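Reader: I have a structure to go through for class. Can we take it piece by piece?
Author: Fine. Here it is.

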Amino acid sequence: MEQRKKYTLRPLPYAYDALEPFIDERTMRIHHDKHLGTYVDNLNKALDQYPVLYQFPLERLLYNIQYLPKEIQTAVRNNGGGVYNHNFFFEGMAPSSQSKPEGKIIKEIESQFGSLKAFQDKMKEAALSVFGSGWAWLVKNPQSGRLMIVTTPNQDTPLPGNLIPLLNLDVWEHAYYLKYQNRRADYIDNWFHVMNWDMVNKRFENTEK
Ligand code: MN3
């Protein structure tokens, strides 16, 4: 995972229209190419001032934001966070035909939340509670071993809180406005159909190694 050169726009792991009809192709094109593309460019602009920082994984920069040079802290927080959050989000989705809730993570969710439905209800409630732009997350607290649902504003990540991300949901309006306008709740309901459970399960299993 070593990164010694500039960040590049990572291609989607599926076609732009692969998440139809739940997430539309036009939203995916703009969201990935333009929004994520801009975060990538602006992260590079910030790090170009301190190229030595390219050698650290992005997770480490975000975890240690307060130790970065003062003048690039905000740019890395917003744009580095934007790159991390979006790659994590896009890789956390899959065509609905491949979205199968199975694996260790489902057992863990059932044991900690009661049922998959109870987890989805809590995730939806959290995502609806984000005022303005931000994210809802399923994370693992490495101290307690518990799963938690948290939210972050803007492009903040749960990393500085020492939480391990397993799944995130973008509730910035740019993630859903073209298809859903103000109906964030409908967008959230449909997003559950394109969750990449295989990826979430892999991320969860990595926390147990
Ligand atoms: Mn977004």
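Reader: Is glycine 145 buried, partly exposed or exposed?
Author: Before that, note that this is a predicted model. In it, glycine 145 has a relative accessibility of 28%, so glycine 145 counts as partly exposed.

Reader: Where is glycine 145 found?
Author: Glycine 145 sits in the loop between β1 (134–140) and β2 (147–153).

Reader: And what is glycine 145 in contact with?
Author: If its neighbours within four places in sequence are left aside, glycine 145 is in contact with Glu108, Gln112 and Lys140. Separately, the C-alpha atoms of glycine 145 and threonine 207 are separated by 9.2 Å, and those two residues are 62 residues apart along the chain.

Reader: Helices next. At what angle do α4 and α8 pack?
Author: Helix α4 (residues 104–113) and helix α8 (residues 197–207) pack at about 80°, and their axes are 8 Å apart. That angle makes α4 roughly perpendicular to α8.

Reader: Which residues make the contact?
Author: From α4 they are Lys104, Ile105, Ile106, Glu108 and Ile109, and from α8 they are Trp197, Val200, Asn201, Phe204 and Glu205. Sorted by class, the contact of α4 with α8 has 6 nonpolar, 1 polar and 3 charged residues.

Reader: Take asparagine 201. Buried or exposed?
Author: Asparagine 201 has a relative accessible area of 11%, so asparagine 201 is buried. This residue is found in helix α8. Leaving aside its neighbours within four places in sequence, asparagine 201 is in contact with Glu102, Gly103, Lys104 and Ile105.

Reader: How many salt bridges does the structure hold?
Author: The structure holds 9 salt bridges. One of them joins the side chains of aspartate 189 and lysine 124, at 3.0 Å from N to O.

Reader: Which parts does that pair tie together?
Author: Aspartate 189 lies in helix α7 (residues 184–191) and lysine 124 in helix α5 (residues 116–129), so the pair ties together parts 65 residues apart in sequence.

Reader: How accessible are aspartate 189 and lysine 124?
Author: Aspartate 189 has 33% relative accessibility and counts as partly exposed. Lysine 124 has 22% and also counts as partly exposed. The cut-off for buried is under 20%.

Reader: What does lysine 202 pair with?
Author: Lysine 202 meets aspartate 198 in a salt bridge of 3.1 Å, N to O. Both residues lie in helix α8, 4 residues apart, which is about one turn of the helix. Aspartate 198 is partly exposed at 47% relative accessibility. Lysine 202 is partly exposed too, with a relative accessible area of 47%.

Reader: And arginine 183, what does it meet?
Author: The side chain of arginine 183 meets that of aspartate 186 in a salt bridge, 3.2 Å from N to O. Arginine 183 is partly exposed, with a relative accessible area of 36%, and aspartate 186 is partly exposed at 34%.

Reader: Changing topic: the metal. What coordinates the manganese ion?
Author: The manganese ion is coordinated by His31 (NE2), His86 (NE2), Asp170 (OD) and His174 (NE2), at 1.9 to 2.1 Å.

Reader: How are those donor residues spaced in sequence?
Author: The spacing is H-x54-H-x83-D-x3-H.

Reader: Are aspartate 170 and histidine 174 buried or exposed?
Author: Aspartate 170 is buried, with a relative accessible area of 0%. Histidine 174 is buried as well, with 18%.

Reader: Which peptide bond is cis here?
Author: The bond from glutamate 20 to proline 21 is cis, with omega near 0°. Proline 21 is found in the segment before α1 (25–47).

Reader: What about phi of asparagine 154?
Author: Phi of asparagine 154 is near 55°, a positive value in a residue other than glycine. Asparagine 154 is found in the loop between β2 and β3 (164–170), and counts as partly exposed at 40% relative accessibility.

Reader: And phi of asparagine 162?
Author: Phi of asparagine 162 is near 60°, again a positive value in a residue other than glycine. Asparagine 162 lies in the loop between β2 and β3. At 31% relative accessibility, asparagine 162 counts as partly exposed.

Note on methods:
Residues are numbered from 1 along each chain as its sequence is written. This is a predicted model: local features need pLDDT of at least 70, side-chain atom pairs count only at pLDDT 80 or more; totals for chains, interfaces and linings use all residues. Side-chain values use heavy atoms; hydrogens and water are left out. Axes are lines fitted to C-alpha atoms, for helices over the stretch in contact, and angles run from 0 to 180 degrees between N-to-C directions. Helices (H or I, at least four residues) and strands (E, at least two) are DSSP runs, numbered from the N terminus. Angles under 35 degrees count as roughly parallel, over 145 as roughly antiparallel, 65 to 115 as roughly perpendicular and the rest as oblique. Contact means heavy atoms within 4.5 Å. Ala, Val, Leu, Ile, Met, Phe, Trp, Tyr, Cys and Pro count as nonpolar, Asp, Glu, Lys and Arg as charged, and the others, Gly among them, as polar. A salt bridge is a side-chain nitrogen of Lys or Arg within 4 Å of a carboxyl oxygen of Asp or Glu. Buried means under 20% relative accessible area, exposed over 50%, partly exposed in between (1.4 Å probe, protein chains only). Donors are N, O and S atoms within 2.8 Å of the metal (3.2 Å for Na, K and Ca); water is not among the atoms, so sites may look incomplete.
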